[in-house]
Amino acid sequence: MIEPIDVLKINANRPTLDGNNIDITDVRLFRALRFAWEKCMGRGTNVMAYMSGRTFGKSLNLKTIDEMIEFAKNYKIGIITVVNKNPLQIRVDECMTCSGLPNMEKPLCYFEGGFIVGCLEGIVNKKVKINETHCIGLGDDFCQFEVSTYPLYIFK
């Protein structure tokens, strides 16, 4: 397991989103906190990261996928691209959580997955389920999610 202090030393490898620029909102601080929480809470951190991303994404009240893409880029969450519409597949390059990290043999993008779910639930007014199919944490060059939607009445 990577130590929280180690992530401060790893180049974020975010050429478009300027992951090497050090300021108060730097991605490395987010990563240090995320890995410190994982050390304290274990797998519970993944649920916390996912639910935090989902709550945050939903609170934005975005109206379109293009707005979600623009928000993610402007706030350096990652570069989101819709790579397939059926089934819906969303790719994230320069991911905030794991871009530049070594292969950790596990998916890491629970915050980004939750963020996408929260945004999409508001946009499509349906329950959304997401599955991370590619992750830099698994040794892939990018992160990617497959998305499914369900009518709201199934969950009432």
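The following is a dialogue about how terms are applied to a predicted model.

Visitor: What are the ground rules for the model?

Guide: Residues are numbered from 1 along each chain as its sequence is written, and side-chain values use heavy atoms, with hydrogens and water left out. The model is predicted, so local features need pLDDT of at least 70 and side-chain atom pairs count only at pLDDT 80 or more, while totals for chains, interfaces and linings use all residues.

Visitor: Why is Gln144 called buried?

Guide: Buried means under 20% relative accessible area, exposed over 50%, and partly exposed in between, with a 1.4 Å probe and protein chains only. Gln144 has a relative accessible area of 9%, so Gln144 is buried.

Visitor: Where is Gln144 placed, and what does Gln144 touch?

Guide: Gln144 is in strand β4, residues 143–150. Strands are DSSP runs of E with at least two residues, helices are runs of H or I with at least four, and both are numbered from the N terminus. Contact means heavy atoms within 4.5 Å. Leaving out residues up to four places away in sequence, Gln144 touches Val83, Gln89, Ile90, Arg91, Asn131, Glu132, Thr133 and His134.

Visitor: What makes β1 and β2 a pair?

Guide: Two strands pair if DSSP finds at least two bridges between them. β1 and β2 (residues 88–93) have six bridges, in the antiparallel sense. In this pairing, Asn84 stands opposite Gln89 of β2.

Visitor: What is the strand order of the open sheet, and which way does the pairing run?

Guide: The order of the four strands is β1-β2-β4-β3, and the pairing is antiparallel. β1 (79–85) and β3 (127–134) are edge strands, because each pairs on one side only. On average, neighbouring strands are turned by 25° against each other, direction ignored. For such angles, axes are lines fitted to C-alpha atoms, for helices over the stretch in contact, and the angles run from 0 to 180 degrees between N-to-C directions. Helix α5 (residues 110–124) packs on the sheet and touches β1, β2, β3 and β4. The direction of α5 makes about 145° with that of β3.

Visitor: How do you know that the span of α5 is close to the expected one?

Guide: The expected span of a helix is 1.5 Å times one less than its number of residues. α5 has 15 residues, for which 21 Å is expected, and the helix reaches 21 Å from its first C-alpha to its last.

Visitor: What makes α5 mostly covered?

Guide: Eleven of the 15 residues in α5 are buried. Among them are Phe111, Phe115, Ile116 and Leu120.

Visitor: Are Cys98 and Cys135 buried or exposed?

Guide: Cys98 has a relative accessible area of 0% and is therefore buried.

Visitor: What makes a set of residues a nonpolar core?

Guide: A nonpolar core is a set of buried Ala, Val, Leu, Ile, Met, Phe, Trp, Tyr and Cys residues joined through side-chain atoms within 4.5 Å. The largest one has 32 residues, and Met68, Cys98, Phe115 and Ile116 touch the most other members. α5 gives the most to this core, with five residues. A second, separate core has five residues, including Ala12, Val27, Ala49 and Phe111.

Visitor: Why is Lys76 called partly exposed, and why is Glu105 called exposed?

Guide: Lys76 stands at 32% relative accessibility, so Lys76 counts as partly exposed. Glu105 is at 70% and therefore counts as exposed. Lys76 is in the loop between α4 and β1, and Glu105 is in the loop between β2 and α5.

Visitor: What is the phi of Lys76, and what is that of Glu105?

Guide: Most residues other than glycine have a negative phi, and most peptide bonds are trans. Phi of Lys76 is positive, near 60°, and phi of Glu105 is positive, near 60°.

Visitor: What kind of peptide bond joins Asn86 and Pro87?

Guide: The bond is cis, with omega about 0°. Pro87 is in the loop between β1 and β2.
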